Amino acid sequence: MKRTKVKIISAIMLLVMVISTSPGAFAADVSTPAENEIFVQFDGHGQYTEVDSAVRTDIVQASNVQEVGCVVAATATDDKDLYLLSQNDYLLRVGAANDENRTFLHVERTDIDDFSVGALGKFGFPSKVAGRITNIVDRQTARGNRSLGLSVFLPASGYYTRSGQQFTDSYIKYWNLEYSFSSSQKSGNAWKTARAAAIFLLDCAGLINRTAATLGCSALQTLADALDVHPTAAGNRYGVIQTVVTYDAATRVTYWNKENGFGRDPYVSTCKTWLDTDFTQQTCDDYPGGAYQAETYLNEEICSPHYDAPSDWLYNDYYAAAGTVEGPIFYTIHNQRFVLA
């Protein structure tokens with residue numbers, strides 16, 4: 001009997017030692033997403049919800065496995081509202097940006113080569129939205145922009161829920177948009193254009209408070225200060241100043257699913273732009289072979305008023321909001337007012 005008790009006590013002590021020295025052996029193997037990833041849990045009907053971490057056994061590698069409760073990893077893109085699942089499958093943020101657990105809708109990407117009204121008509125967008133898309137494309141085509149790209153992201157498998165209601169979003173992404181303006185010394189407004197360009201760049205960089213200090217300088221120095229660089233050649237008698245701003249933009253169409261059918265349900269349309277790069281070139285008459293060039297990464301996002309919560313806007317203010325196409329987003333440089341999206 002005594003020997004049996006000793007064996008039991010020894011076994012208990014051994015078990016305690018194993019547990020104390022290997023705490024992870026009996027704990028769930030929890031994984032967290034990488035820096036450029038998020039974990040999302042499938043809720044059903046095309047909706048995913050972001051989760052901070054997951055038990056490794058709950059994570060599936062194949063993004064097309066859609067079982068309620070399964071967790072998949074999605075990779076960040078250069079658009080903070082889009083995450084890549086695999087190939088043409090993406091997740092589109094559809095809840096408010098500051099939600100504790102962000103909500104996403106499974107969408108599929110289609111790249112568009114034909115920008116005609118007829119080709120866009122197959123996606124069933126409301127006529128006012130289709131008109132906005134073609135206007136943006138036509139303006140860029142008229143400017144000779146050959147780098148323009150257009151992608152449509154449509155719901156792949158259902159809807160998401162907000163306020164107990166069902167909504168779906170379509171997302172139209174414009175790539176490599178550009179706006180350019182130039183002014184010559186002969187036009188008589190070169191100084192004003194240079195000063196306006198500096199204000200524009202300072203505003204994009206969040207440094208508009210520096211404007212008063214820089215506008216007393218020469219046009220060349222003003223631009224140099226705005227760009228935080230210094231010109232290679234001094235002089236005020238420049239011949240031409242040219243600025244090119246490149247950017248991406250997006251149009252979001254949010255439908256309230258009231259069983260009228262896709263494209264006929266009540267909707268609102270919102271938009272955003274992302275200013276990417278500014279390229280400025282200035283030639284100087286005093287220095288025949290000289291030119292001042294600078295390239296600046298702007299990384300400035302501008303959104304229409306209800307872009308971050310369109311479904312809430314449509315639901316809470318239905319009679320005033322339904323059918324509204326927000327925008328366009330404008331920017332004014334000197335006396336030139338141009339449309340971003």
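These are my notebook entries on what I looked up in this predicted model.

**Ground rules.** I number residues from 1 along each chain as its sequence is written, and my side-chain values use heavy atoms, with hydrogens and water left out. Because the model is predicted, local features need pLDDT of at least 70 and side-chain atom pairs count only at pLDDT 80 or more, while totals for chains, interfaces and linings use all residues.

**Entry 1: glutamine 47.** I looked up where glutamine 47 sits and found it in strand β3 (residues 47–51). For the elements I use DSSP runs numbered from the N terminus: helices are H or I with at least four residues, and strands are E with at least two. Is glutamine 47 buried or exposed? Its relative accessibility is 8%, so I count glutamine 47 as buried. My cut-offs for relative accessible area are under 20% for buried, over 50% for exposed, and partly exposed in between, with a 1.4 Å probe and protein chains only.

I then checked what the side chain of glutamine 47 reaches, and noted the backbone nitrogen of threonine 161 at 2.8 Å. For contacts, meaning heavy atoms within 4.5 Å, I set aside neighbours within four places in sequence; glutamine 47 then touches Gln41, Phe42, Thr103, Phe104, Tyr159, Tyr160 and Thr161.

**Entry 2: the strands around β8.** I take two strands as paired if DSSP finds at least two bridges between them. Strand β8 covers residues 103–112 and is joined to β3 by three bridges, antiparallel. Threonine 49 has threonine 103 of β8 as its bridge partner. Strand β7 (residues 89–93) also pairs with β8 in the antiparallel sense, over five bridges; there I found leucine 92 opposite leucine 105. Aspartate 111 stands opposite serine 151 in β9.

**Entry 3: helix α3.** I compared the length of α3 (residues 127–142) with expectation. Its 16 residues should span 22 Å at 1.5 Å a residue, and the end C-alpha atoms are 22 Å apart, so the two agree. The expected span is 1.5 Å times one less than the number of residues. I list the buried residues of α3 as Val129, Ala130, Arg132, Ile133, Thr134, Ile136, Val137 and Gln140. Just after the helix, glycine 144 takes a positive phi of about 80°.

**Entry 4: cysteines.** How many disulfides does a search of the whole structure find? I noted zero, a disulfide being a pair of cysteine sulfur atoms within 2.5 Å. Cysteine 303 is in none, and the nearest cysteine sulfur, that of cysteine 271, is 8.4 Å away. Cysteine 303 counts as partly exposed at 31% relative accessibility, whereas cysteine 70 is buried at 12%.

**Entry 5: backbone exceptions.** Most residues other than glycine have a negative phi, and most peptide bonds are trans, so I looked for departures. Histidine 45 has a positive phi of about 45° and is not a glycine. I placed histidine 45 in the loop between β2 (37–44) and β3, partly exposed at 27%. Glutamine 87 has a phi near 50°, also positive in a residue other than glycine. Glutamine 87 lies in the loop between β6 (82–86) and β7 and is exposed, with a relative accessible area of 73%.

Which residues does a cis peptide bond join? I found glycine 327 and proline 328, with omega about 0°. Proline 328 is in the loop between α8 (318–321) and β15 (330–333).

Technical notes:
A polar contact is a pair of N or O atoms within 3.5 Å; within protein, one must be able to donate a hydrogen and the other to accept it, and residues adjacent in sequence count only if both atoms are side-chain atoms.
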